[in-house]
Amino acid sequence: MEIKKIAVIGSGVMGHGIAQSYALAGIPVNLYDIKEEFLKQALGLVQSNLTLLVKENVITDVQKQDTLKRIRTSTNLEQSVKDADFVTEAIPEIIEIKWELYAKLERFCKREAIIASNTSTFPISKLIEKSSTAERMLITHFFNPAQLVPLVEIVKHEYVTDEVLDTTKRLLVKIGKTPIVLRKDVPGFIANRLQAAVVREAFHLLEAGVADAEDIDKAVSAGPGFRWAFCGPIETADFGGLDTWQRVIDNLAPELDQRKTAPTLITQKVEQGKLGTKTGEGIYQYEEETVAERILERDTNFIRLAKIRQ
C-alpha cells in the first residue's frame, strides 16, 4: 500500500511536529484541530522549526516553503481525513475522547486507511476495545520534539495485518525515523520505561544529597548519554564485558532506589505548583527568555547530532 496523503489529528506539542515530519518528506498533510487559533499557533511553530533547519544547512529555503505548502489546516474532521491513507491521532490522553474520535474515523476514513495513535499512556488493547476495524489500528509513538527525535515505537496487536505493519514501518523510514516494533504490549513501551528507571535513580541521588541537580544531569549527558547516542545499554554491556556488568549489577542492585511511586521531591514540587519550564520553576528556576533559549539550544544540538548520526 502506498501512502500518498496523511492526516494528523491534533496540532499540539506532538501533532505539529509529526505533521512537519511527513510534509518535509514530501507527503501532503491535513492537520486538524478543534480551533483555528490552535492551528495558527501550530503553523507558527512549524515555520520556526523549519527556519532552524535552514539555518543549520539541513534544508534549503525552497524546501522550507514547499514543506509549508504541503500542510493544510482545518477544523472540519471529515474533510481532513476522508482522502487520507494514513491517520495519526495526537489528541489528549483521555480514553473516552479517543474512543469517540475512533468511532468518527471509522465512518469518515477510507476503508483501507491506517489509523495510528501517538499515545504514550494507553495499551493498544485498550485503544481498540470498541473498534470494529482493529486490523488497521496500531500505535506509532513519537518522541518530543517529534520533528527531530528519530525514534518511533510501533506497538501492534494480534489482529493488525502484516500489510498494515509493513506499510507503517516503510512510511516511518521514508520520513527519516528509526522505527522499532514491540513484540509485547507493555506499560510505558520501551524508551519511557528506561527513562523512568534513570529518572527515579537521579532523583534518589538528588534527595540523598549525593550531588546537586546540575552535576547529576552532567553525569548523564557527559557520560552514559554521550555513549547512548550511538551505543545502547545492552551493546555497552557487551563492550564492557558481561562478567564485569554481572559484578556491577550484583553489587549495585541492592543499593538502587526501588520505590513504587514517583520520587518524593517530584511529588512535593507538583503539590507546590512548581512544574518546571511551564511554570517558571521546577528543580531549576527559569525566566521566559531562558526557556526559549534552552529550547533553541536543545533543538540546535539535536539537529547537529542527527547530522553526525547520519
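Tutor: Buried means under 20% relative accessible area, exposed over 50%, and partly exposed in between, with a 1.4 Å probe and protein chains only. The model is predicted, so local features need pLDDT of at least 70 and side-chain atom pairs count only at pLDDT 80 or more, while totals for chains, interfaces and linings use all residues. Residues are numbered from 1 along each chain as its sequence is written, and side-chain values use heavy atoms, leaving out hydrogens and water.

Student: At 23% relative accessibility, how does Tyr286 count?

Tutor: The class in between runs from the buried limit of 20% to the exposed limit of 50%. Tyr286 has 23%, so Tyr286 counts as partly exposed.

Student: Which residue forms an aromatic pair with Tyr286?

Tutor: Rings of Phe, Tyr and Trp (its six-membered ring) pair if their centres lie within 6.5 Å; planes under 30 degrees apart count as stacked, over 60 as edge-to-face, and the rest as tilted. Here the centres are 6.4 Å apart with 70° between the planes, an edge-to-face pair. The partner of Tyr286 is Tyr284.

Student: Why is the pair of Tyr22 and Phe142 edge-to-face?

Tutor: By the ring rule the count comes to three aromatic pairs. For Tyr22 and Phe142 the centres are 6.4 Å apart and the planes stand at 75°, so the pair is edge-to-face. This pair links helix α1 (residues 15–24) to strand β6 (residues 137–142), 120 residues apart; helices (H or I, at least four residues) and strands (E, at least two) are DSSP runs, numbered from the N terminus. The angle asked about is 75°.

Student: Which residues form one aromatic cluster?

Tutor: Tyr22 is buried at 0% relative accessible area, and Phe142 is buried at 1%. Phe86 is also buried, on one side of strand β4 (residues 86–89). The cluster consists of Tyr22, Phe86 and Phe142.

Student: Which residue in β5 stands opposite Thr88?

Tutor: Two strands pair if DSSP finds at least two bridges between them. Four bridges join β4 to strand β5 (residues 114–117), and the two run parallel. Strand β1 (residues 6–9) also pairs with β4 in the parallel sense over four bridges, with Val8 opposite Thr88. In β5, the residue opposite Thr88 is Ala116.

Student: Over the ring of which residue does the charged end of Lys130 sit?

Tutor: A charge sits over a ring if NZ of Lys or CZ of Arg is within 6 Å of the ring centre and within 35 degrees of the ring normal. The charged end of Lys130 is 4.6 Å from the centre of the ring of Trp99.
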